[in-house]
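Here are a few notes to read alongside the model, with a focus on the overall fold and the charged side chains.

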Amino acid sequence: MKRRERALLEQAKLVLDFNWTGGYTKPGPRLYPHQWSWDSALISIGYSHYDQDRAERELLHLFDAQWRNGLLPQIVFNPSFGDYFPGPGFWHAQESPDAPPHHRTSGVVQPPAHATAVRLVYERARDRSRAHEFLERAYPHLVFWHDYLYRERDPEGEGLAYIRHPWESGMDNSPLWDAILQRLHLREDEIPSYRRVDVHTVSEQDRPTSAAYDRFAYLVRFFAERGYEEAEIREECPFLVQDVLFNSLLCRAEADLAELAPEIGEDPAPHRERARKTARAIDEKLWDEEHGTYLDYDLVSGRPIYVYCASNFLPLFAGVPDEERVRRMVNFLEHGGFGLSDHRIRPVPSYDVHGFGFSPTRYWRGPVWINIDWFLLRGLERYGYREHSARLSTTIRELCERSGFYEYFDPFTGQGHGSVLFSWSAALLVDVLLSAADEAPSPRRP
């Protein structure tokens, strides 16, 4: 590893040190002081290279807040940090008999990257005895979590789980949700009272609009009024989406569980079958033949969502498409506004730069997000597109080196936006640097 890369690696570790609370890692020091679900999964991947203890504790702290029905919450609140919206009082998660009695949590979920993280933490662990104990503790939580998704979020047994709030996608303000949110014609009395704190921490121009937040808040109250009873929610919920990103990560996670199960004497076959079923469903229902990518599906309107985002390509990470479809997807990434062959921008922005309403700086409406590029990097590697994955790897390194460890980045200027000292940016950079170092040939001895 070169000297500059070693220095960058140490900076990334310092970010994670700064955000470490003793039980979990804050995604950002001011804007995000609590524990977020898929953030912790991605953060643990970075730790897996050099701190087995933290990697394991990060995930176990999250699993300790799992609901009795298997739901793994988006946020686990830390009572030491009270000034946050939406806080535990807004969620009213305790209205559900399934909510954990010893943690305050939100009532929604985030993308299921956890089994993938557990596998990497387990396989990279140096203390094998401790790693085995960790896996024995983590595995039942993962099975319980996936069982919840297939039982409660896939009532027709298609193999595709639905999300019921934009926050569950992890891409809160994506153009993917515009048409659905615009369908919600709210009266004044339907909008809960709330006070945002995000716009006092980062630029208001980078954040979701107040109109979007009104609808986010409306959905939260909608769930709480129904006691978070899933069957009752789905009967009338105006937001039910089979999301490409969410289901791609679920497919990959089931495949990873199949690899982990024999390590503790469990049967891998059910996990392999569910992974195959989800892969088939993604391939058959979500593929867009006209444009050569995958599309989210709006269950309420009964039609695909014709919005082209970087997340549309995440079936690559799960190994879903065949070689011909991969070729078409790569062609779209190169020529469809995602910059994989355009050196004027930092690939891959979260939304097609030619898309309606594209913004290089507004939350999930165009900036580069390191986690999305990391998933794509690994997916392209999987299919042998080494030059493409190498460009994404270079982008991740250069953005962090030149701008710092921000939440997201302007794809044209590389300037950082959102939360500074952002943990998953640091953690995934650690993974990029140390994975490359592991793969590099050893220097010849003189």
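**Notes on the fold and its salt bridges**

1. In this predicted model, residues 24 or more positions apart account for 70% of the contacts with a separation of 6 or more. The protein has 16 helices and nine strands.

2. On overall dimensions, a compact globule of 446 residues would have a radius of gyration near 22 Å, and the 21 Å of the protein agrees with that. The C-alpha atoms fill a box of roughly 75 × 50 × 45 Å along the principal axes.

3. Buried residues make up 64% of the 446 residues. The accessible surface comes to about 17,800 Å², and carbon and sulfur atoms contribute 47% of it.

4. Now to charge: there are 52 positive and 68 negative side chains, with the centres of the two sets 5 Å apart. A search of the whole structure gives 36 salt bridges.

5. One of these joins Glu-401 and Arg-4, with the closest N and O atoms 3.0 Å apart. This pair links distant parts of the chain, since Glu-401 sits in helix 15 and Arg-4 in helix 1, 397 residues apart. Arg-4 counts as exposed because its relative accessibility is 61%, while Glu-401 is partly exposed at 35%.

6. Asp-147 and Arg-274 also meet in a salt bridge (3.0 Å, N to O). Here helix 6 holds Asp-147 and helix 11 holds Arg-274, 127 residues apart. Asp-147 is partly exposed at 28% relative accessibility, and Arg-274 is partly exposed at 21%.

7. Finally, please look at the network of salt bridges that links Asp-53, Glu-56, Arg-57 and Arg-130.

Key: Residues are numbered from 1 along each chain as its sequence is written. This is a predicted model: local features need pLDDT of at least 70, side-chain atom pairs count only at pLDDT 80 or more; totals for chains, interfaces and linings use all residues. Side-chain values use heavy atoms; hydrogens and water are left out. Helices (H or I, at least four residues) and strands (E, at least two) are DSSP runs, numbered from the N terminus. The radius of gyration is taken over C-alpha atoms; the globule rule is 2.2 Å times the number of residues to the power 0.38. Buried means under 20% relative accessible area, exposed over 50%, partly exposed in between (1.4 Å probe, protein chains only). Contact means heavy atoms within 4.5 Å. Accessible areas come from the Shrake-Rupley method with a 1.4 Å probe; for residues, only the protein chains shown count as cover. Lys and Arg count as positive and Asp and Glu as negative; His and the chain ends are not counted. The place of a charge is taken as NZ of Lys, CZ of Arg, CG of Asp or CD of Glu. A salt bridge is a side-chain nitrogen of Lys or Arg within 4 Å of a carboxyl oxygen of Asp or Glu.
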